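Subject: Structure for your review

Dear colleague,

Please find the structure below, followed by an account of what was found in it.

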Amino acid sequence: MDLLTQILINGVLLGGLYAIMALGLALVWGVLNIVNLAHGAFIMLGAYLAWHLYTYLGIDPFLGLPLTAIIMFGLGYVVQRGLLNLIVRAPMFNTLLITFGIEVVLTYLAQLAFSADYRTINPPYAGNSIALGPVVVPLARLMAFGIAIALTVGMWVFLLRTRLGRAIRATAQNLVAARLYGVEPRHLYAVTFGIGIALAGAAGGLYGTVSQINPYIGAALTAKCFAIAIIGGLENPLGVIVGGLVLGVIESLAVLYIGATFADVASFGVLVLVLIVRPSGLLGKTA
Amino acid sequence: MFKPVSYLAGALLSATALLAAGPAASADDIVLGASVQLTGPLANTGRYYKDAYEFAVEKINEAGGVKVGAEKRKLALKIYDNQSDVSLSVRQYTQLVSQDKVSLLLGPFASNFALADSAVSEKYKVPMVQGGGASDQIFSRGFKYIFGTLAPASNYFGSTVSMLKELDPAPKTVALLYADDAFDVSVAKGTRPLLKAAGLTTVMDEKYTSNASDFSALLSQVKDKKAEVVLVAGHETEILNFVRQAKSLAVAPKLYSFTVGVPSDDFRKALGSDADYAFGMTAWLPTAELKDKWFGDAAAFAKAYKEKFGYDPDYHAASGIADVEALAQAVENAGTTEPQKVRDAIAKLKFDSLYGTIAFGESGQIDLPQIVIQVQGGKVAEVYGAKGFIEKPHYPMPAWDAR
């Protein structure tokens with residue numbers, strides 16, 4: 001029983017990390033209709049940024065998250081304005097091609113700049129844990145989970161309540177009507193993409209404190225984020241949390257009951273299942 | 001609309017071209033060809049081979065080159081970047097022998113690569129001496145043209161298991177975790193009978209997916225099943241995650257040992273003081289006792305290597321040096337670069353190098369004993385060798401909050 005409780009806690013905390021990684025991907029996909037294959041590469045860049053801030057400037061990875069997010073927002077804004085805006089109305093294939101290209105370029109630039117050495121963001125408390133009787137809760141993962149929830153709820157409120165958030169939703173729903181109401185889509189798209197990349201950057205900082213960083217972590221993270229976004233749905237940021245939690249718990253249970261090689265089989269199996277059971281809502285976004 | 005895409009493609013192509021560039025060879029150089037992981041997830045270890053190959057070739061050429069019959073000929077290298085992609089690596093070896101017409105082959109890193117690439121050397125009957133693949137599978141197919149300078153994977157934990165029997169208090173239960181690739185499966189296969197013979201109870205025997213990043217579920221089971229010893233056969237990224245997550249979940253078995261990571265500089269840097277107490281093994285240590293014709297001895301080699309490349313060599317680098325030296329020595333012994341004759345000379349080799357005595361068994365693989373090592377206070381200590389304990393192991397590992 002203790003083991004099961006522990007596994008469930010592990011799964012939920014893992015899910016929180018997954019959710020924050022997928023949040024930006026889901027936002028960009030939902031609003032811009034771009035499946036950003038470079039999302040994982042941006043997470044990797046955010047992780048390196050947080051690593052540099054911590055290693056050279058001594059900025060705590062959690063306190064440094066806003067700074068990481070702001071820098072990544074700037075990068076995202078520029079990439080969208082300078083590159084992605086050229087293909088924002090183009091067929092899906094072109095957006096996949098260009099974001100795939102960005103992922104490859106970022107990965108290889110990262111190896112040239114940072115070498116293939118493995119890095120970890122390792123503040124003294126990163127390995128601490130809270131013991132609740134026989135069950136152990138890792139501190140860094142708990143904090144990451146808290147931040148994931150806070151950011152998701154924050155995103156939700158932002159999209160529902162603020163002027164900018166409403167403009168973003170309006171543009172996603174009906175571009176012509178939004179423009180008639182005075183929304184400037186080019187700026188708005190860039191801001192949305194910037195927010196997506198800022199979230200990726202923040203996720204990268206958290207990922208670096210619980211895992212290891214190298215230039216090649218991006219592709220696998222993109223795949224995972226993609227699955228989470230589909231399972232959770234793109235309509236609502238809260239869906240991403242649900243998607244992340246479902247995936248985290250299922251993977252942990254699969255390791256316990258079926259075997260560790262089946263974690264990915266289980267998570268992508270769930271993906272396929274969701275696509276079968278709820279195809280209409282999901283295909284609407286991807287087509 | 002397609003402009004930015006073509007720009008990107010152009011930038012990409014030129015970047016790849018830069019990475020694949022090598023020194024120009026003159027017409028009568030003996031060209032050694034290899035496909036190595038210079039980019040991609042395995043680039044971290046791949047660089048040991050590129051640097052070692054280049055360093056060895058440089059040293060041998062400084063000493064005048066290789067004596068072939070009456071004349072002295074220089075060595076040259078042709079290295080391709082396989083981007084950590086096995087199928088690309090096979091294509092590149094095919095290109096090396098069929099189009100580039102290299103004389104002899106050096107290996108890639110990692111067993112699954114060597115497993116696939118050795119089919120090329122066998123088909124074209126060009127000998128390959130490789131120092132990156134230890135899996136017994138590579139040498140169990142009766143191939144004649146593949147030689148390996150890494151000790152057999154099946155025996156990686158051999159010395160560790162011998163040590164377990166002599167520890168006080170002696171551990172009783174073991175968890176064996178391994179990644180699902182050629183090398184790690186061979187390690188697990190070889191370790192099981194050793195554990196059984198040592199009278200240890202295996203409470204967990206679990207395979208996991210290569211590149212797994214979350215070990216929390218496995219670690220929780222290690223704790224639940226009260227495994228006193230945890231043996232992990234995997235890749236360095238996985239080991240890093242494993243140790244970090246063990247700490248954050250407060251899982252502290254009496255001893256844990258890893259097939260990779262512990263000997264490498266990079267591993268200890270990434271983990272800092274959390275790397276302490278981790279056991280590992282190496283078939284090579286940079287001692288002055290290992291004499292070498294070109295480098296003097298292993299200690300001098302390690303120093304020169306660090307100065308040249310800025311990081312400490314580990315057994316991968318020494319193994320890579322041994323590969324080049326084995327080919328050079330075999331060419332001298334054969335008195336020709338004709339591949340079949342060189343092949344026969346390699347099979348008969350027996351010479352001392354900075355890596356140890358190079359001599360290949362019937363299957364083509366070297367046999368070297370593994371020395372048990374442990375990270376103690378941020379440094380690698382030799383703990384257990386063929387003659388028993390060398391330095392006192394830090395055992396049992398204390399709880400994480402008691403360090």
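Chain A and chain B bury about 3,600 Å² between them, with 58% of that on carbon and sulfur atoms; buried area is the accessible area (1.4 Å probe) that two parts lose on being put together, summed over both. This is a predicted model, in which local features need pLDDT of at least 70, side-chain atom pairs count only at pLDDT 80 or more, and totals for chains, interfaces and linings use all residues. Residues are numbered from 1 along each chain as its sequence is written, chains are lettered from A and ligands numbered from 1 in the order in which they are written, and side-chain values use heavy atoms, with hydrogens and water left out.

The interface

In chain A, 47 residues are in contact with 42 residues of chain B (heavy atoms within 4.5 Å). The rule finds 20 residue pairs in polar contact across this interface, both residues being at pLDDT 80 or more. A polar contact is a pair of N or O atoms within 3.5 Å; within protein, one must be able to donate a hydrogen and the other to accept it, and residues adjacent in sequence count only if both atoms are side-chain atoms.

Two salt bridges are also found across the interface of chain A and chain B (a side-chain nitrogen of Lys or Arg within 4 Å of a carboxyl oxygen of Asp or Glu). The side chains of B:Arg47 and A:Asp117 meet in a salt bridge, at 3.0 Å from N to O.

On the side of chain A that touches chain B, the elements giving two or more residues are α1 (2–32), α4 (92–114), β2 (135–138), α8 (185–210) and α10 (237–257) of chain A. Helices (H or I, at least four residues) and strands (E, at least two) are DSSP runs, numbered from the N terminus. Here α4(A) gives the most, with nine residues.

Backbone features of chain B

Two peptide bonds deserve mention. The bond from B:Asp168 to B:Pro169 is cis, with omega near -5°, and B:Pro169 sits in the loop between α5 (158–166) and β8 (173–179) of chain B. The bond from B:Tyr395 to B:Pro396 is likewise cis, with omega near -10°; B:Pro396 lies in the segment after β19 (388–389) of chain B.

Finally, B:Lys125 is not a glycine, yet has a positive phi of about 55°. B:Lys125 is found in the loop between α4 (111–124) and β6 (128–130) of chain B.

With kind regards
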